[in-house]
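Trainee: I have a new model open and would like to go through it with you. Where do we start?

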Amino acid sequence: MEVVNNFFETFSSLLWGWPMIILLLGTHIFLTIRLRFPQRKIFLAIKLSVSKDKNATGDVSQFGALSTALAATIGTGNIVGVATAIALGGPGAVLWCWLTGVFGISTKYAEGLLSIKYRQKTAKGKMLGGPMYALEKGLGWKWMGVLFAIFTAIAAFGIGNTVQANAIATLAQNTYHISPVVSGCIICGLTAAVLLGGVKSIAKVCEILVPFMAILYVLGCIYILFVNGHYVWPAVKMICSSAFTTKSIVGGTAGTTVMMAARYGIARGLFSNESGLGSAPIVAAAAQTRNPVRQALVSSTGTFWDTVVICALTGLVVVSSILAYPDIDYTNGATLTNQAFCKIPYIGAPLLTFGLLTFAFSTILGWSYYGERAIEYLSGKKLMYAYRIVYIVAVFIGSIANLAVVWNIADCMNALMAIPNLISLLLLNGIIVHETRKYLWRNNLDKDMEE
């Protein structure tokens, strides 16, 4: 097992090195310029996300599709991952993470557009879509669509399932002394109750859970920043200056280079918002929308909420807490978040616990949908229900198992998902521009999609 773990650890480091980061960030910037900065339409996009497109075809509402995508995207990485980036890359990593989110809005927009453009309706009227369909129908590369679906189906068991279940069980054991077996049974039961109801059940739960957990977490972070009020502005200045200069965190000897800040900040942003990964457009294809651009705009808000808002607030909380409490060990990413939040009386520890529990559980739900659609693309409905049962069982296994090798395998699968998805985005950028010109630039957002 150690040999297998070492192999995937090395392979993961290779896949997620500078070439991948440059490819992803380069795609973000290219699409931002090519699409004339769709970020400026973010408030329109937010308005559309909470509006019902009553006459449109689809399986779930636009908000339901967005909530399911956010459920999968907003995970423990928004809390622990940001602190890890700060520990490894310094406070400047927060700014690079945020900038990655800003530019990533364009990529999430493009993914959502292609998912609607190339989605297909089943005999029962259900909508199916995602990068595998864009690769097959847009580029004629079914073989690459098959590869993407295989990587997605495998990745769902890692970062979307066992890893999240393990995070919940570990937190419950360390905080409340609950046995991982008990936690595993509870998580497994809750997951089964939601998943067996299909996409509509998942979307309904996510429509309630995601706004509730996100709003409560954001309000909690704002409260902590109020408590740390004297250190918030110094934290902002440190984050900005450290992103472009060598800067120690609290005046000690530990320093970080600009390259390290950029490396870990960009990587954390990419992992967090999943722009370019190809996962979110799978559920975007199920949305009730009258044309591709409406859902593309709605999808783009996912990156805005995930990185531009939640990751930025987490980063400010952690850096301001480091400045406010010099005894915090800022070199250990695994414990930095816990130390920073628990320094705040009354609300700090409960907020962290609530955030980790709900963020992790919602990720399990969101990724279950991605995995099922990938299996359906590969084999129709023949294996989908079996996959669902195995997915539920894996939740329990993840709660009680050692997951070092699973983490590394999941990282590899995520990178292998991103490569064919990015190829489709870059090669089909002309289609994306054409649809954007047709519906957005010419003010035809209310126009129905031509069959």
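**Ring pairs, helix packing and backbone**

Trainee: Tyr-387 first: buried or exposed?

Mentor: Tyr-387 is buried, at a relative accessible area of 7%. Buried is under 20%, exposed is over 50%, and partly exposed is in between, with a 1.4 Å probe and protein chains only.

Trainee: And what sort of model is it?

Mentor: This is a predicted model, where local features need pLDDT of at least 70 and side-chain atom pairs pLDDT 80 or more, while totals for chains, interfaces and linings use all residues. Numbering runs from 1 along each chain as its sequence is written, and side-chain values use heavy atoms, without hydrogens or water.

Trainee: How many aromatic pairs does the structure hold?

Mentor: There are 13 aromatic pairs. A pair is two rings of Phe, Tyr or Trp (its six-membered ring) with centres within 6.5 Å; under 30 degrees between planes is stacked, over 60 is edge-to-face and the rest is tilted. Trp-96 and Phe-244 are a tilted pair because their planes are at 55 degrees, with the ring centres 5.6 Å apart.

Trainee: Where do those two sit in the chain?

Mentor: Trp-96 belongs to helix H6 (residues 92–117), and Phe-244 to the loop between helix H11 (229–242) and strand E3 (247–248). Helices (H or I, at least four residues) and strands (E, at least two) are DSSP runs, numbered from the N terminus.

Trainee: Which of the two is buried, and which is exposed?

Mentor: Trp-96 is buried at 19% relative accessibility, whereas Phe-244 is exposed at 52%.

Trainee: Back to Tyr-387. What is its ring partner?

Mentor: Phe-157. The pair is edge-to-face, with 65 degrees between the planes and 5.1 Å from centre to centre. Phe-157 is in helix H8 (residues 142–176) and Tyr-387 in helix H17 (residues 384–400), 230 residues apart, which again links distant parts of the chain.

Trainee: Which residues form an aromatic cluster?

Mentor: Phe-7, Phe-8 and Phe-11 form one.

Trainee: Now the helices. What does H8 pack against?

Mentor: Helix H16 (residues 348–379), with the axes 8 Å apart and an angle of about 155 degrees. Axes are lines fitted to C-alpha atoms, for helices over the stretch in contact, and angles run from 0 to 180 degrees between N-to-C directions. At that angle H8 is roughly antiparallel to H16.

Trainee: How do H16 and H17 pack?

Mentor: H16 and H17 have their axes 9 Å apart, at an angle of about 150 degrees. That makes H16 roughly antiparallel to H17, since angles over 145 degrees count as roughly antiparallel, under 35 as roughly parallel, 65 to 115 as roughly perpendicular and the rest as oblique.

Trainee: Backbone next. What is the phi of Glu-274?

Mentor: Glu-274 has a positive phi of about 60 degrees, although it is not a glycine. Most residues other than glycine have a negative phi. Glu-274 is in the loop between helix H12 (258–273) and helix H13 (280–284), and at 7% relative accessibility it is buried.

Trainee: And Asn-443: buried or exposed?

Mentor: Asn-443 is exposed, at 67%. Asn-443 is not a glycine either, and has a positive phi of about 55 degrees. Its place is in the segment after helix H19 (429–441).
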